[in-house]
Amino acid sequence: MSQVPELNISAFLKQKIEDFAVAPVAFVKGTVSTVGDGVVRVSGLPGRLYGELLEFDGGVVGMALDLDENGAGAVLFDSADVVRVGDGVRGTGAVAEIPVGENVLGRVLDPIGRALDGAPFTPEKFYPVERPAPSVTDRRPVDKPLQTGILAIDSMIPIGRGQRELIIGDRQTGKTTIAVDSILNQRDQGVLCVYCAVGQKASTVAQVIKTLEAGGAMAYTTVVAATAADSPAMQYLAPYSACSVAEYFMEQGRDVLIVYDDLSKHAVAYRTISLLLHRPPGREAYPGDVFYLHSRLLERSACLARRKGGGSLTALPIVETMENNISAFIPTNVISITDGQIYLESELFHSGVRPAVNTGLSVSRVGRAAQTAAMKKVSGTLRIDLSQYREMAVFARFGSDVDPATKKLLDKGEGLVNLFKQGKSSPYPLSRQVLLLLAYSLDLFTGVGEKAFPEYLARFLDFLGEHCADLCRIIDETGDLPDDVRAKAEERFKAFGAKA
Amino acid sequence: MRNCTVTAASNMSGETYEYLCEKVRKRFGDDIAFTRVTDDAVIGGFMLDLNGHIFDLTLATQLKAMGKHLREE
């Protein structure tokens, strides 16, 4: 907004009006020739841009996605009810944009920047929805961890700032919970967050917003939502819009976390548009460019070079599988684009292991390099421990007699599985994670038993709060576990072990 | 024969309308058939639609543009 001189408003307005030059508005008008399911064909209208916004007579806005010599195929952002055959269409010469800046934090926007939360909103700055990804020379390797606060993930599948880590699994396996918990854990980490809902139920999105508000996370989070009731065009645009919001902060040198919930519904929305535009269908009826649809989106996540401000954009795309089939078209595409995946299994989920992370199929390709020294020191053998336990547990099922060494391995493994069970919205800070894993390595959780475990763990966490606050501070501040701190912790744990 | 629709508010006199048609014929050729549309929403001025090519000099559009200009820095 302009700065209005305090006492001279009329002179200011007069000057502004004098500066205004009356000029005729000349443009070419097209005509709607067909309308159907949010997609229209327009005849006439030469010289349009790909992705240009079109304005229809009723005030509805659409986007040109198919251009040919006779006209254009366009998708509508709003209801198609008010567009009729024969209506006039004009090109706006502008592409889709979204408001960016500090004032979008805490807001709920739709993909074209209209506020959905009912409060007044004055956009300050706009970014185009489609933007090129940072070039190779503008990037640097991922070197800082992004703490999700989830022990199983931060220890075994660590995520670095600037990484793209896929969360994949069947419905009702806790995918959104992991993403939302990761956002909640960024409260004191200086990371801004964007949650993008694509094709979700409005009630689910409302629930997520409620959880974020309750956890005090809306202060640093923007929600970009295109629900299942919105047009396919809005759902198609949502992730790109959300990414532009996040990119603005990244370019200011900030660290940003973006969650795309979820990309399988995004692919379905794009398939709908493509089929209605008569583009040839390919595998599973998806169009030929469905890989590019997600690769160009996820390539926009980056860890920028210092000379570019050093900001980062970490992406947690979510993909829903059917019947645990991760070799379907969209899952394999997104797995190959991302730098690793967190695979959630419904069997684990229903057996009480939550988060239901399958550690065998989950992997993080770059996060290990970004892990803190403290975490590296205590998490080295976890994956092997867990796989040995699972292998042994299968054999132990057949017979009751096992030798003492195997019994100890089974008890220790069970302790680890129980330790990895973590409630909703209860992230652990780094120091707690490190001390919990240190306690595990000292066999403090061995032989506790599944039923007694939650109470035992609660007591241990209280003990950490009361007797290890000084050690926690050192670990959180330095990100390291020096030998003297480790020795002190081991000493104090012995006292806890003796009491227990 | 080309079609030209002239949209104007009801306050445009017949004399002005004829003058306008004459000017358009002079500029774009004699093979133009005119249709007059009255729409008070344009407030004043006129809009020409010559086979899809729009020439908009209505008061409503100018006011909209001025509103945008006033909001700009």
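Figure 1. Chain A is assigned domain 1 (29-95), domain 2 (98-371) and domain 3 (376-499). Taken over C-alpha atoms, the centres of domain 1 of chain A and domain 3 of chain A are separated by 61 Å. Along the principal axes, a box of roughly 90 × 60 × 40 Å holds the C-alpha atoms of chain A. The secondary structure of chain A consists of 17 helices and 16 strands. Of its 500 residues, 44% count as buried. Where contacts in chain A link residues at least 6 apart in sequence, 74% of these contacts join residues at least 24 apart.

**Figure 2. Packing of helices H5 and H6 of chain A.** Two packed helices are described by the angle between their axes and the distance between the axes. Helix H5 (residues 232-251) of chain A and helix H6 (residues 263-276) of chain A have axes that come within 8 Å and cross at roughly 135 degrees. H5(A) is therefore oblique to H6(A). The crossing of these two helices, H5(A) and H6(A), is left-handed. From H5(A), the contact is made by A:Pro232, A:Ala233, A:Gln235, A:Tyr236 and A:Pro239. From H6(A), A:Lys265, A:His266, A:Ala269, A:Tyr270, A:Thr272 and A:Ile273 take part. By class, the residues of the contact of H5(A) with H6(A) comprise 7 nonpolar, 3 polar and 1 charged.

**Figure 3. The loops on either side of helix H6 of chain A.** A:Asp262 is placed in the loop between strand E13 (255-261) and H6 of chain A. The peptide bond leading from A:Asp261 to A:Asp262 is cis, with omega near -5 degrees. A:Asp289 belongs to the loop between H6 and helix H7 (290-298) of chain A. A:Asp289 counts as partly exposed because it has 13 C-beta neighbours inside 10 Å. From C-alpha to C-alpha, A:Asp289 and A:Ser274 are 9.8 Å apart in space, and they are 15 residues apart in sequence.

**Figure 4. Backbone geometry at A:Glu323 and A:Pro355.** Most residues other than glycine have a negative phi, and most peptide bonds are trans. A:Glu323, although not a glycine, has a positive phi of about 55 degrees. This residue, A:Glu323, is found in the loop between strand E14 (312-320) and helix H8 (329-337) of chain A. A:Glu323 counts as exposed because it has 7 C-beta neighbours inside 10 Å. A:Arg354 and A:Pro355 are joined by a cis peptide bond, for which omega is about 0 degrees. The site of A:Pro355 is the loop between helix H9 (346-350) and strand E16 (363-364) of chain A.

**Figure 5. Chain B and the loop that holds B:Ile43.** Chain B has 2 helices and 4 strands, and along the sequence these follow the pattern β-α-β-β-β-α. The C-alpha trace of chain B spans about 45 × 25 × 15 Å along its principal axes. Of the 73 residues of chain B, 12% count as buried. For contacts in chain B between residues at least 6 apart in sequence, 61% join residues at least 24 apart. B:Ile43 lies in the loop between strand E2 (32-38) and strand E3 (45-50) of chain B. Although B:Ile43 is not a glycine, its phi is positive, at about 65 degrees. B:Ile43 counts as partly exposed because it has 15 C-beta neighbours inside 10 Å.

**Figure 6. The interface between chain B and chain A.** In the predicted model, 13 residues of chain B are in contact with 13 residues of chain A. On the side of chain B that touches chain A, the elements giving two or more residues are strand E4 (53-58) and helix H2 (59-71) of chain B. The residues on this side of chain B divide into 5 nonpolar, 5 polar and 3 charged.

Note on methods. Residues are numbered from 1 along each chain as its sequence is written. Chains are lettered from A and ligands numbered from 1 in the order in which they are written. This is a predicted model: local features need pLDDT of at least 70, side-chain atom pairs count only at pLDDT 80 or more; totals for chains, interfaces and linings use all residues. Domain bounds come from an automatic or database domain assignment. Axes are lines fitted to C-alpha atoms, for helices over the stretch in contact, and angles run from 0 to 180 degrees between N-to-C directions. Angles under 35 degrees count as roughly parallel, over 145 as roughly antiparallel, 65 to 115 as roughly perpendicular and the rest as oblique. A crossing is left-handed if the near helix is turned anticlockwise from the far one by less than a right angle, and right-handed if clockwise. Two residues are in contact if their C-beta atoms, placed from the backbone, lie within 7 Å. Ala, Val, Leu, Ile, Met, Phe, Trp, Tyr, Cys and Pro count as nonpolar, Asp, Glu, Lys and Arg as charged, and the others, Gly among them, as polar. A residue is buried if 20 or more other C-beta atoms lie within 10 Å of its own, exposed if 12 or fewer, and partly exposed in between; C-beta atoms are placed from the backbone.
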